[in-house]
Amino acid sequence: MPKTSARLLALLSLLQARRDWPGSLLAERLDISARTVRRDVDRLRELGYPIAAIKGPDGGYRLEAGSELPPLLFDDEQAVALAVALRIAATAGAGIEEAALRALHTVRQVMPARLRGRIDAFRVTTVAAPVTPADSATLLTLSAAVHAGEVLRFDYASPATDLESPPRRAEPHHLVTRYGRWYLVAWDLDREDWRIFRADRITPRIPNGPRFAPRELPGGSVAAFVTSRFQGSDGTGGWPCRGEVILDAPAATVAEFARDGVVEELGPNRCRVILGSWSWNALACALGVFDADIEIVGPPELAAAFTRLAHRYASATARTLP
């Protein structure tokens, strides 16, 4: 029979693996008697683990949530996954960066050397413009409202919002993260339209409003809707401005920097490009970065944008001091 400490760890690992365990099955898995199982369960209870007894013909046990967090037991894969998640959480912009790093330090201290080396070798560097992190309490409040399906009342601070404006009312549907920022996707009740709110600008008002029936989000999915809104469209399609040109450049070189554009090879140093952007001027600028001769296929709005930019750049050159 294994030593008591080894048995307790094995028993705790089994109890964490599934919701309900018949006592006879635990005894079989641990190769001990049912009486020993009962004694070991009592020892775990003394250590703070809330283990409930299940009534029935065979009886059984269930590890429940308690008022305090007792020590946890993880296998190697779970421990590595937890440490990786904590390291990523430190760059998530959710206002939990310091707590995530402290938790990672705690987990690392109790890891065996074989796992500690794997974690130390995992490094994450965030390459992005600094953003204002969202308050973790606000994120929890927004997430709870989404889960409960309750109307959310909140103050929203933005350059276009008057400080004396009334609170916003919205039906929260999804809490999403994009490029280090958190957003709430919601149906604005006053404007009767879908809106995307920055979480770091939201100050919830308590209590929440009544429950609501979920609405169908345009675009078919949350990812498609959010992407299309940031592209400047109405949420039902892609970029609002799409154009086609022929570039005197290798298709392989252009494709590397064409993002979600379509690149078709026409020859060794010639390709067709279909690209989108939020405005015609922005699209013309994006095509100009390839540093190649351009033949405009269409539409006319794209040609007009190139003309505007040509005049603007020529004017800038004329004003350049010697």
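Predicted model: local features only at pLDDT ≥ 70, side-chain atom pairs only at ≥ 80, totals over all residues.
Residues are numbered from 1 along each chain as its sequence is written, and side-chain values use heavy atoms, with hydrogens and water left out.

First, the overall picture. The protein chain has 11 helices and 12 strands; these are DSSP runs numbered from the N terminus, with helices being H or I of at least four residues and strands being E of at least two. Of its 322 residues, 33% count as buried. I will also talk about contact, meaning heavy atoms within 4.5 Å. Among the contacts with a separation of 6 or more, 54% are between residues 24 or more positions apart.

Now, a residue to look at: is R198 buried or exposed? R198 sits in strand β7, and its relative accessible area is 16%, so it is buried. Leaving aside neighbours within four places in sequence, R198 is in contact with Y156, R181, W182 and Y183.

Let's move to the start of the chain. Helix α1, residues 4–17, and helix α3, residues 34–46, have axes that come within 10 Å and cross at roughly 85°. An axis here is a line fitted to C-alpha atoms, for helices over the stretch in contact, and angles run from 0 to 180 degrees between N-to-C directions. Angles under 35 degrees count as roughly parallel, over 145 as roughly antiparallel, 65 to 115 as roughly perpendicular, and the rest as oblique. The pair α1 and α3 is therefore roughly perpendicular. On the α1 side, the contact is made by T4, R7, L8, L11, L12 and L15, and on the α3 side by T36, D40, V41, R43 and L44. Sorted by class, that contact has six nonpolar, two polar and three charged residues. For the classes, Ala, Val, Leu, Ile, Met, Phe, Trp, Tyr, Cys and Pro are nonpolar, Asp, Glu, Lys and Arg are charged, and the others, Gly among them, are polar.

Next, the cores. A nonpolar core is a set of buried Ala, Val, Leu, Ile, Met, Phe, Trp, Tyr and Cys residues joined through side-chain atoms within 4.5 Å. Which members of the largest nonpolar core touch the most others? Of its 17 residues, they are L247, V254, V273, L287 and L302. At least two residues of this core come from each of β9 (241–247), α9 (251–255), β11 (270–277), α10 (280–288) and α11 (300–318). Another core, of 16 residues, lies apart from it and includes L11, L15, L30 and Y61.

On to helix α7, residues 136–148. The expected span of a helix is 1.5 Å times one less than its number of residues. For the 13 residues of α7 that should give 18 Å, and the end C-alpha atoms are 18 Å apart, which agrees. Buried in α7 are T138, L139, L142, A145 and A148, and what covers the buried residues includes β4 (152–156), β5 (168–178), β6 (181–188) and β8 (202–205). Take A145: its relative accessibility is 0%, so it counts as buried. A145 and G209 are 64 residues apart in sequence, with 9.5 Å between their C-alpha atoms. Beyond its neighbours within four places in sequence, A145 is in contact with E150, L152, P172 and N208. Just after α7, G149 takes a positive phi of about 65°.

Last, some backbone details in the loops. I206 and P207 are joined by a cis peptide bond, with omega about 5°, and P207 is in the loop between β8 and α8 (222–230). A cis peptide bond also joins G298 and P299, with omega about 5°; P299 is in the loop between β12 (294–298) and α11.

Where does E192 lie? E192 is in the loop between β6 and β7 (193–198), and its phi is near 50°, a positive value in a residue other than glycine. E192 has 61% relative accessibility, so it counts as exposed.

Conventions
Buried < 20%, exposed > 50% of the residue type's maximum accessible area, 1.4 Å probe, protein only.
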